[in-house]
Amino acid sequence: MTDLILYSHPFSSYCQKAMVAFYEKDLHFTQRMLEDEGAMAELKAVWPFGQFPILKEGERTFAEASIIIERLDQISPVTPMIPTGSDLALEARFMDRVFDNHVQANQQRIIYNALRPADQRDPLIDQEARTKLETAYAWLNDLMADRTWAAGEVFTLADCGAAPGLLYAHWTHAIPKGLVHLWSYRRRLLARPSYARALDEARPYRNYFPLGAPDED
């Protein structure tokens with residue numbers, strides 16, 4: 001098999017998402033750390049948008065964490081991140097989009113706004129994103145009342161993204177304590193060995209979190 005090279009950074013939520021899938025599958029890869037000299041230039045040479053992670057497999061390049069995970073399923077069908085049943089596969093892909101578009105996207109809107117110079121911050125962006133996160137939290141809490149994992153009883157693609165998504169979302173806009181089902185799900189994600197490993201690798205970079213990383217987690 002061709003060597004797999006992942007251009008990534010341990011503190012990035014989307015990089016963690018991909019790494020969880022690698023660890024679930026016990027699939028070897030080489031990490032090209034984006035803080036290393038020349039790494040970002042190499043990434044932009046194949047993906048000029050500069051987003052990460054990027055997977056290189058010989059002459060092939062795969063962008064977007066969800067697509068990378070789908071490729072990993074093709075390489076190693078053991079422990080599939082996208083279930084084989086069509087209905088469950090569709091639910092896993094749907095929940096993956098929920099966590100990317102309604103949790104991570106809004107969390108990052110708050111962060112990007114906070115990184116602007118103080119006189120350029122838009123309070124409306126912050127307010128809208130926080131309101132949308134609260135909507136997502138409430139919806140997810142109801143959904144997780146009778147589920148172990150995002151798509152049901154099997155750990156999938158959706159949980160790979162939910163783990164870092166809910167970690168950083170809570171750091172950015174606290175999940176209300178009364179949402180007990182969502183909290184239980186978040187604790188299961190943090191305890192999952194694949195994500196616990198990714199989170200441990202991110203700990204040296206906690207000071208990168210612009211709002212200040214909490215002592216918890």
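Modeller: Let us start with a term: an angle over 145 degrees between two directions counts as roughly antiparallel. Please keep in mind that this is a predicted model.

Biologist: At what angle do H4 and H5 pack?

Modeller: Helix H4 (residues 86-115) and helix H5 (residues 123-143) pack at about 150 degrees, and their axes are 9 Å apart. H4 and H5 are therefore roughly antiparallel to each other. Their crossing is left-handed.

Biologist: Which residues meet there?

Modeller: On the H4 side they include Phe94, Val98 and Ile110, and on the H5 side they include Leu133, Trp139 and Leu140. By class, the contact has 13 nonpolar, four polar and five charged residues.

Biologist: Now the sheet. What is the order of its strands?

Modeller: The order is S2-S1-S3-S4, in an open sheet of four strands with mixed pairing. S2 and S4 (60-63) are the edge strands, each pairing on one side only.

Biologist: In which sense does S1 pair with S2, parallel or antiparallel?

Modeller: S1 (residues 4-8) and S2 (residues 30-33) pair in the parallel sense, over four bridges. Between S1 and S2 the chain passes through helix H1 (residues 13-25), and this β-α-β crossover is right-handed.

Biologist: And in which sense do S1 and S3 pair?

Modeller: S1 and S3 (residues 54-57) pair in the antiparallel sense, also over four bridges. In this pairing, Leu4 stands opposite Glu57 of S3.

Biologist: Which strands does H1 touch?

Modeller: H1 packs on the sheet and touches S1, S2 and S3. Helix H3 (residues 65-75) packs on the sheet as well, touching S1, S3 and S4.

Technical notes. Residues are numbered from 1 along each chain as its sequence is written. This is a predicted model: local features need pLDDT of at least 70, side-chain atom pairs count only at pLDDT 80 or more; totals for chains, interfaces and linings use all residues. Side-chain values use heavy atoms; hydrogens and water are left out. Axes are lines fitted to C-alpha atoms, for helices over the stretch in contact, and angles run from 0 to 180 degrees between N-to-C directions. Helices (H or I, at least four residues) and strands (E, at least two) are DSSP runs, numbered from the N terminus. Angles under 35 degrees count as roughly parallel, over 145 as roughly antiparallel, 65 to 115 as roughly perpendicular and the rest as oblique. A crossing is left-handed if the near helix is turned anticlockwise from the far one by less than a right angle, and right-handed if clockwise. Contact means heavy atoms within 4.5 Å. Ala, Val, Leu, Ile, Met, Phe, Trp, Tyr, Cys and Pro count as nonpolar, Asp, Glu, Lys and Arg as charged, and the others, Gly among them, as polar. Two strands pair if DSSP finds at least two bridges between them. A crossover is right-handed if, with the strands pointing away from the viewer, the path from the first strand over the helix to the second runs clockwise.
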